[in-house]
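Subject: Handover of a structure and notes on it

Dear colleague,

Please find the structure below, passed to you for your own reading. My notes come after it.

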Amino acid sequence: MDVRLPKLGEGADSGVVVNILVKEGDSVQKDQPVLELETEKAVGSIPSSAAGTVTAVRVKVGEKISAGQVIFSIAESADDAGHFVEAAVPAARRTRPLIPVNPAAGTAAATSKTIPGFPPPASPSVRKMARDLGIDLTRVSGSGHGGRIMLEDVRAHIEKLQAMADGGAGATETAPRPVERIDFSQWGPIYMKPLTPLRQTIARRLSDSWRTVPRVTQFDEADITTLNELRKKYAKAYESKGARLTLTSFALKAVVATLKKHPLFNASLDEAAGEIVFKEYYHLGVAVDTEHGLIVPVLRNADKKSLFELSKELEELAARARDRKVTAEDLKGGTFTISNQGGIGSGPFTPILNTPEVAILGIGRGALKPVVRDGKIEARLMMPLGLSYDHRVIDGGSAARFMVDLVAAFEQFKEADAKI
Amino acid sequence: MDAIKTDLVVLGAGPGGYAAAFYAADKGKKVILIEQDTRLGGVCLNRGCIPSKALLHAAQLISEARESTHCGVTFGEPKIDLDKMRAWKNSILDKLGAGVASLAGKRGVEVLKGRGYFEDSKKLRVETAEGQKFLTYDKIIVAVGSKSALPKAFDLGNPRIMTSRDALNIPDVPEKLLIVGGGYIGMELGTVYAALGSKIVLVEALPQILAGADPDLVQPVMRYAEKAFQEVRLSTKVSSMATHGKQIKVVCESNGQKKEEFYDRVLVCVGRVPNCNDLGIENTQVTRDEKGFLKVNASQETTDPNILAIGDVAGGVMLAHKAAREARVAVEVVCGESSVFQSITIPAVIFTDPEIAWCGLTETEAKEKGIQVQVAKFPWAASGRALTFDRTDGLTKLLIDPETERLLGVGIVGHGAGELIGEGVLAIEMGATAQDLAAAIHPHPTLSETLMEAAEVFYGHATHTFIRKKSEE
């Protein structure tokens, strides 16, 4: 029979094969991990849905595969007991997020001794965590007495795997030179904190962006004195209906209006096809600063929503991001990103592109500044803007024109658009 | 009639069912708990763990009073007031039952008294005192438990042939009592009736009583039984029973020899069967195994996507604490978490005199599975604490992986073994090694030291016992 890639859950429906754990002739148990697959969000081990002897492996390392695709064929073993159990368990639950193991690690001998009926020596809480993360504890070396696996051992294992995955995944890229390890303690006291999986994802994605995109940042300032009055005027009404009217809400509206005039900024570059992909939808990513790190959930169809709807959805999305409740789906499909540091009280800054988007707007803190208007100096509330763009797709002139229109959109925000 | 709609229905309010209902309510689910008994708590509370332990306490008082003469304390012959003993036992059950009901009320768990029957996977009919009610739900957890098996040949409709359910009500103290089955229920109830004064003959089909426990742990209990019972017959079967006036005529068979005897009462303890008849299971997609238990996976899910099962009815060892753990798993699964039953050990305690308790691997199992272990034993004769309460007939032993020194099993026989085994459970679940046990300070003078000292025996340097060094050392 054929064993197919199950639906992965969390909205992911395809991924790249990082590691194949079985070969032709191997006998596999049901639920034994047979494949490790990297999806956009995480890396998961794929368990076999049946027991038997592998007759052919149908996928290759590095291949992109989708749910439902045949991954390998097996001759089913007679011992098919408990097959119903398989059917009763929803497929999504059987796919466990995991950090990949590259072939080198995969062949490494089990570090803890296996005793029939006993899991590797670890506390129930560590075993539960390992299960939730899809980590096979038989591959974790325990530092405790008798090879007992501590929480730190699992952490170290994740880091090791992540490092391997980072080294092995980007085969088309020139691998970054390994950084020499420096003993910082020679100059004074230090302490260490492990990189969280989220931080590692951020690091990987932003390094890719930095390496691949020739990026330029265009600066300007928008006079938001009037806009701020408007915000104050309607804040109460919004609040009474359960939404906070913030500058970011206005920015969403202003950006969408400007993107409509400059479709190139709502596009992506498809180098392989030699095409620029223009998107006729406006899904805006909003950078959210959470205690765990940067998360950029996507607010969909921003062009079809009122300022009130945008405000409300923005708040919900940010709250979910902070509670780590955003799904992989929530993070996908953005066409342009806004990062507003105004709330924190700093700026301007040069944002880095959230690839494959081609432009991102960084907003700084608005501050009162002396401005010459009609020959007189006036105190006006000025907000710094930094627009980073992919110079492969967008020329400087286009960026300047985008900025002029964007500033105008802020400065000439129509009151009608703010009304609920 | 309109169906009542709820998030979760729990069918059966035993230690699995009420634990599930409470946990689900604590997690924010709207829960209806169904129970056909007047008192909540299931077999455990009403006719199992709790009443038997109350009666065993009374039995212990009697036997301790008898054995205290050499400590310089002599009592007269104890007077036994059965009505009072029964009332005292029942008062405990009432207290606990009311406690469970009150905990349900505080959590907003709706308790529906009645018998549940599956109309289909998504609909349950409940026969209540006020008539039929229909429930629909997102999920249902079946926790209907088990009952004592009474083989057809013994089921004569004669109340003198009892199961544990009847025996726990102590209808009287029969002069001659036959106990069929030397498992933990037969042995515990035998202990009670022996203390009350019955002459007991215990018949066991296997060559050992308390199957499942290691023979060295069973030995002190066997010694007790040989003294307290009139006779313990191993490898013996009861071939027939018949009513004979106010007695039961019983024919036993061992080694091909038949023996005919007369008993005032017979207690049949030959196992338990799941309560899944007359439940409408056939109207759902739930499948049953060859013994009639509901088939479940490690997440307690049955083959019907709406139905989970926990406790005795789901098979495996039939113990309240196993059901309670499964309740946690089932509720987490109902709440969308990816939970599975992944405990290493379900501890077992037999409340005989002395008690036997074990967890993890047994020596018998290690041999069967070919797992190499080193066994470290600490006899209670070397325990100061055991001497002070005059019960040195105990033993604490550890099964240790010789290579990693990991603790794989703990077996204890002795007074209060059930209270001691918890440390073993924690150690095994934590993946502890003998060194961990040996290095943890255990309070003196307590029996808990026997665990530490047994671990020290493994390393060859227990303080209170001397181990001859191995020749190569």
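Predicted model: local features only at pLDDT ≥ 70, side-chain atom pairs only at ≥ 80, totals over all residues.

Residues are numbered from 1 along each chain as its sequence is written, and chains are lettered from A and ligands numbered from 1 in the order in which they are written.

Confidence

The model scores ipTM 0.78 and pTM 0.63.

Contact between the chains

Contact here means that the C-beta atoms of two residues, placed from the backbone, lie within 7 Å. On that basis, 21 residues of chain A are in contact with 23 residues of chain B. On the chain A side, the elements giving two or more residues are α1 (83–88) and α4 (124–133) of chain A; helices (H or I, at least four residues) and strands (E, at least two) are DSSP runs, numbered from the N terminus. The largest share, four residues, comes from α4(A).

Helix α8 of chain B

Helix α8 (residues 320–334) of chain B has 15 residues and spans 21 Å from its first C-alpha to its last, close to the 21 Å expected at 1.5 Å a residue; the expected span is 1.5 Å times one less than the number of residues. A residue counts as buried if 20 or more other C-beta atoms lie within 10 Å of its own, as exposed if 12 or fewer do, and as partly exposed in between, with C-beta atoms placed from the backbone. Because 11 of the 15 residues of α8(B) are buried, this helix is largely enclosed by the rest of the structure. Among them are B:Lys322 and B:Glu326. The buried residues of α8(B) pack against β1 (4–11), α1 (17–26), α2 (42–47), α3 (49–66), β5 (131–142) and β16 (307–309) of chain B. After α8(B) comes B:Gly336, with a positive phi near 85°.

A parallel sheet in chain B

Two strands pair if DSSP finds at least two bridges between them. In chain B, five strands form an open sheet in the order β7-β14-β8-β9-β10, with parallel pairing. Its edge strands, β7 (161–162) and β10 (231–233) of chain B, each pair on one side only. Within the sheet, β8 (residues 176–180) and β9 (residues 199–203) of chain B are joined by five bridges, and B:Leu177 has B:Ile200 as its bridge partner in β9(B).

Strand β18 of chain B

Six of the six residues of strand β18 (residues 355–360) of chain B are buried, so this strand is largely enclosed by the rest of the structure. Strand β17 (residues 348–350) of chain B runs antiparallel to β18(B) and is joined to it by three bridges, and a hairpin connects β17(B) to β18(B) through four residues. β18(B) also pairs with strand β21 (residues 407–414) of chain B, in the antiparallel sense over six bridges; there, B:Trp358 has B:Gly411 as its bridge partner in β21(B).

B:Lys237

B:Lys237 lies in strand β11 (residues 237–244) of chain B. This residue is partly exposed, with 13 other C-beta atoms within 10 Å. Not counting residues up to four places away in sequence, B:Lys237 touches B:Ala205, B:Cys252 and B:Glu253.

With kind regards
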